[in-house]
Amino acid sequence: MIKVTAEEVAAQEFDSVVARHRAQIFRFLLASTRDVDLAETLTQDCFLKAHRNWASFRGESSALTWLMRIAINLQKDHWRNRRMQFWRQTRTNSVDLDEASEWLPSGECSQEQKLLARERVGQVWNAVEGLSERQRTVFLLRYVEELELAEIAQTTGLSEGTVKAHLSRALGRVRAELGGKR
Amino acid sequence: MNWKPKLTKRAEEPADLEALDPALKQALGDFKASVRGWSDAAYNRPRTAQSMVVRRSWRLAAGWSLAAVLLAGTVSGGFYEHHKLVVAAQIAAAQKAEQERQAAAQRARDEAQHEDDILASVDKDISREVPSAMEPLAQLDDEGESR
């Protein structure tokens, strides 16, 4: 009979959490930073931190919510440190909005429809660019990661009412951007 | 043909999306598909860990080099300043010593001159009071001739 220790069980559980959520955490960080290298680094940091604190995770929230909270905090720390340590590196590797808008899934559609879709994506990126950090986070969690309002509230530490207010303002921005460019 | 972005995960839409106008709904759908397409491509791209390491090590080396140059500059600047101060102090000390030596020599010359003056005045005063040693004989000679 093979003896399985508690540590091995925990390690297996953590491995499965990494496998399940790594791509999603990376996607959220990529959309937040528009920097592939930074998103990868922050994703690594997120799972490293999660691994260190895995024993303290009691399952009160879902693993994804917990990981998202860590990712959001790491992202905040990163920008805070960048502001404090501005002499280290002033250049950013973020891609510009046009480049970010180029990514469209290859569907069976005409060139014209692709162009229109690209234009719409660019307009949404423009609106997202103008959002506050908190609004952007809430918007991305809702409309890219498709988290429920309660999950977003749990992840960000905001009340559901505040989350709704942020979403409403963010949508107003997107609507204005779409309307303004027509 | 109506193009619809492919959704990789949850097929259902967030409840509040249904309440949105079609244009906004379409734009948000396109945006989501775009972000997911970009993310999938970036996530599955070949990793460039080696180049990152090289870049970071290059930056590290450049940082250390710059720090070393700054440190060397600071230290050598400090040494140079210290050396300048030492040389200036030595020059000042030499000048002071020279001035003191010249002042001492002047004092010695003044003292010597003073002694010479005293001796000269003493010689002068004494020589006036002492009669010439041949004077009595000269008087005898003068008396003999007159006789």
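Accessible areas here come from the Shrake-Rupley method with a 1.4 Å probe, and for residues only the protein chains shown count as cover. On that basis, chain A has an accessible surface of about 10000 Å², with 50% of it belonging to carbon and sulfur atoms. This is a predicted model, so to speak: local features need pLDDT of at least 70, side-chain atom pairs count only at pLDDT 80 or more, and totals for chains, interfaces and linings use all residues. Residues are numbered from 1 along each chain as its sequence is written, chains are lettered from A and ligands numbered from 1 in the order in which they are written, and side-chain values use heavy atoms, with hydrogens and water left out.

**The two chains**

- Chain A comes to eight helices and zero strands (DSSP runs numbered from the N terminus: helices are H or I with at least four residues, strands E with at least two).
- Of its 182 residues, 47% count as buried (under 20% relative accessible area; exposed is over 50%, partly exposed in between, with a 1.4 Å probe and protein chains only).
- Among chain A contacts with a separation of 6 or more, 62% link residues 24 or more positions apart (contact means heavy atoms within 4.5 Å).
- Chain B has three helices and zero strands, running α-α-α from the N terminus on.
- For chain B, 14% of the 147 residues count as buried, and the chain exposes about 11500 Å², 61% of it supplied by carbon and sulfur atoms.

**Helix 6 of chain A and its partner**

- Helix 6 of chain A (residues 133–143) is mostly covered, with nine of its 11 residues buried; among them are Val138(A), Phe139(A) and Tyr143(A).
- Helix 1 of chain A (residues 6–33) packs on helix 6 of chain A at about 140°, axes 10 Å apart (axes are lines fitted to C-alpha atoms, for helices over the stretch in contact, and angles run from 0 to 180 degrees between N-to-C directions).
- The two helices of chain A, helix 1 and helix 6, are therefore oblique to each other (under 35 degrees is roughly parallel, over 145 roughly antiparallel, 65 to 115 roughly perpendicular, the rest oblique).
- Phe28(A), Ala31(A) and Ser32(A) of helix 1 meet Arg136(A), Thr137(A), Leu140(A) and Leu141(A) of helix 6 in this contact.

**Leu29(A)**

- Leu29(A) sits in helix 1 of chain A and is buried, with a relative accessible area of 0%.
- Leu29(A) and Ala71(A) are 42 residues apart in sequence and 7.4 Å apart in space, C-alpha to C-alpha.
- Beyond its neighbours within four places in sequence, Leu29(A) contacts residues including Ala39(A), Leu42(A) and Ala71(A).
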